[in-house]
Amino acid sequence: METLTSPQQQSSGPITRGCQWFKALPNKFCDKTMEIVRKTKKLGQDDPRRIVHSLKVGLALTLVSLFYYFKPLYDGFGDSAMWAVLTVVVVFEFSVGATLGKGFNRMLATFVAGGLGVGAHCLATLAGRKGEPILIATFVFIIAVIMTFMRFFPKMKARYDYGLLIFILTFCLVSVSGYRDDQVLKMAHERFSTILVGSCASLIVCICVCPVWIGEDLHNWVATNMEKLGNFFQAFGDEYFKVSEEHDQSGENNKSYLQGYRSVLTSKSSEETMANFARWEPGHGPFGYRHPWKMYLKIGNLTRDCAYKVEALNNYLNSKIQTPVEIRGKIQGQCKRVSLECSRALKEMASTFRKMVRTRSAIVHIDSSKEAAEELKTLLRTNLWEEADLLEIIPAASVASLLLEIIECIEKISEAVNELAKAAAFRNGNATVLPEQPDSIHQGEVQHDSSTAMPVPHIAIIVAE
């Protein structure tokens with residue numbers, strides 16, 4: 001069947017369509033501009049530190065550019081002053097830890113590689129004009145092979161990968177350039193001096209002007225991940241059993257809680273990166289020198305293990321094979337209690353962890369969840385479902401089994417948090433303070449209002465009221 005077209009459409013040619021496109025161009029341009037403005041505004045509102053970081057980079061670049069603008073400074077460094085500008089561009093990162101790590105790597109690698117490059121050049125000159133390029137090429141080959149292979153070591157790659165890369169680059173530039181330039185020592189000195197100036201300018205601006213501490217971000221990140229799991233368990237009971245009309249009214253809020261845990265599953269690389277950068281930072285605020293950043297990775301791994309079980313638990317919410325409501329109702333009370341107590345334990349841990357307070361309040365909720373778990377186990381051992389279809393029982397039984405495993409995961413997280421609290425010297429919660437007693441009394445520590453918590457002398461012992 002042929003499509004009917006109007007005479008106006010048939011007569012419209014390339015020129016007419018081009019005119020229409022040009023007429024619509026201003027509107028398209030305005031729409032695109034407004035979209036960019038909205039995205040830019042949202043990006044700044046999500047994290048205002050991004051705006052401050054951009055201003056800091058501009059300030060650091062302006063400072064080191066003075067070496068080019070003022071003749072006395074330019075005479076001291078010459079064209080090598082451009083290395084200071086390049087160093088700021090490469091070294092200046094969002095956080096203090098990342099900037100310190102890159103700056104230290106660049107300065108140390110430049111100093112050591114520059115010295116070795118000068119030494120290689122001096123040794124090569126002893127071999128005469130014919131033997132010099134052969135020796136230099138040999139030295140470059142050996143250094144490049146060794147340093148490149150060292151980059152494959154996990155610990156070296158995590159902390160010194162950038163430094164090893166700069167080491168190879170600097171050694172090659174100094175040693176190879178020395179074959180055509182007799183002033184190799186001057187070149188190495190100027191290169192190191194300008195890189196030192198650029199790195200120091202970056203560090204001073206990064207630390208002194210609105211510093212962003214990656215260690216603090218890691219601390220809050222780990223606490224937020226625990227909160228996300230707690231939010232899931234808070235919403236899971238009502239979502240799975242659907243026991244009240246209130247659930248329908250708060251369904252959207254529950255759905256956001258039920259999906260928040262997904263970011264925890266993919267947080268490993270971010271946590272490792274933040275932990276590596278945090279180790280470069282000096283003591284600041286409540287984070288002292290040699291803060292146990294590695295222990296955050298342990299808590300993160302345990303949190304992800306729990307999140308994987310949560311993922312399996314979440315799959316039963318949308319499974320095609322569902323246990324009938326009347327059968328699920330037989331384990332409803334115990335399962336909801338386990339889920340609620342797990343939520344309270346995780347949120348309590350996240351709250352006290354964020355405030356860096358040592359309490360054992362989460363243990364109360366974990367013990368309560370264990371009591372509910374024992375009741376659930378007893379119920380599962382009875383002949384409660386003997387007349388039901390096996391395929392209908394399996395989903396509900398699997399949910400109950402996963403909840404029992406999750407209690408063990410949360411208990412491990414609690415132990416890891418307490419271990420970190422001791423190593424990092426978190427302050428004790430506001431509890432009764434008694435004279436020094438044997439270590440066994442420490443087991444009676446309880447939590448009170450942590451918002452007014454004060455540091456407690458190390459000779460004091462916290463006991464239950």
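This is a predicted model: local features need pLDDT of at least 70, side-chain atom pairs count only at pLDDT 80 or more; totals for chains, interfaces and linings use all residues.

## Helices α11 and α16

Let's start with α11, which covers residues 214-241, and α16, which covers residues 294-315. Their axes come within 11 Å and cross at roughly 25°. An angle under 35 degrees counts as roughly parallel, so that's the label for α11 and α16. The crossing of this pair is left-handed.

Which residues do the meeting? On the α11 side you'll find Leu218, His219, Val222, Asn225, Met226, Leu229, Phe232, Phe233 and Phe236. Facing them from α16 are Tyr296, Ile299, Thr303, Cys306, Ala307, Val310, Leu313 and Asn314. Sort the residues of this contact by class and you get 13 nonpolar, 4 polar and no charged.

## The nonpolar cores

Some of those names come back in the largest nonpolar core, which has 62 residues. Inside this core, the residues with the most contacts are Phe233, Cys306, Leu313, Phe353 and Ile410. The elements giving two or more residues to the core are α11, α14 (262-265), α15 (268-278), α16, α18 (332-354), α19 (361-381) and α20 (390-423). Which of them gives the most? That's α20, with 15 residues. There's also a second, separate core of 15 residues, with Ala60, Val64, Val85 and Ala201 among them.

Setting aside neighbours within four places in sequence, Cys306 is in contact with Leu229, Phe233, Ile406, Cys409, Ile410 and Ile413.

## Helix α15

What is buried in α15? The list is Glu271, Met274, Ala275, Asn276 and Ala278. These buried residues pack against α9 (154-177), α11 and α16.

## Helices α7 and α8

Now for another pair: α7 (residues 96-125) and α8 (residues 128-150). Here the axes are 7 Å apart and the packing angle is about 145°. Is the crossing left-handed or right-handed? For α7 and α8 it's right-handed.

From α7, the contact draws on Ala120, His121, Leu123, Ala124 and Thr125. From α8, the partners are Gly128, Glu132, Leu135, Ile136 and Phe139. By class, that contact has 6 nonpolar, 3 polar and 1 charged residues, whereas the contact of α11 with α16 has no charged ones.

Methods: Residues are numbered from 1 along each chain as its sequence is written. Side-chain values use heavy atoms; hydrogens and water are left out. Axes are lines fitted to C-alpha atoms, for helices over the stretch in contact, and angles run from 0 to 180 degrees between N-to-C directions. Helices (H or I, at least four residues) and strands (E, at least two) are DSSP runs, numbered from the N terminus. Angles under 35 degrees count as roughly parallel, over 145 as roughly antiparallel, 65 to 115 as roughly perpendicular and the rest as oblique. A crossing is left-handed if the near helix is turned anticlockwise from the far one by less than a right angle, and right-handed if clockwise. Contact means heavy atoms within 4.5 Å. Ala, Val, Leu, Ile, Met, Phe, Trp, Tyr, Cys and Pro count as nonpolar, Asp, Glu, Lys and Arg as charged, and the others, Gly among them, as polar. A nonpolar core is a set of buried Ala, Val, Leu, Ile, Met, Phe, Trp, Tyr and Cys residues joined through side-chain atoms within 4.5 Å. Buried means under 20% relative accessible area, exposed over 50%, partly exposed in between (1.4 Å probe, protein chains only).
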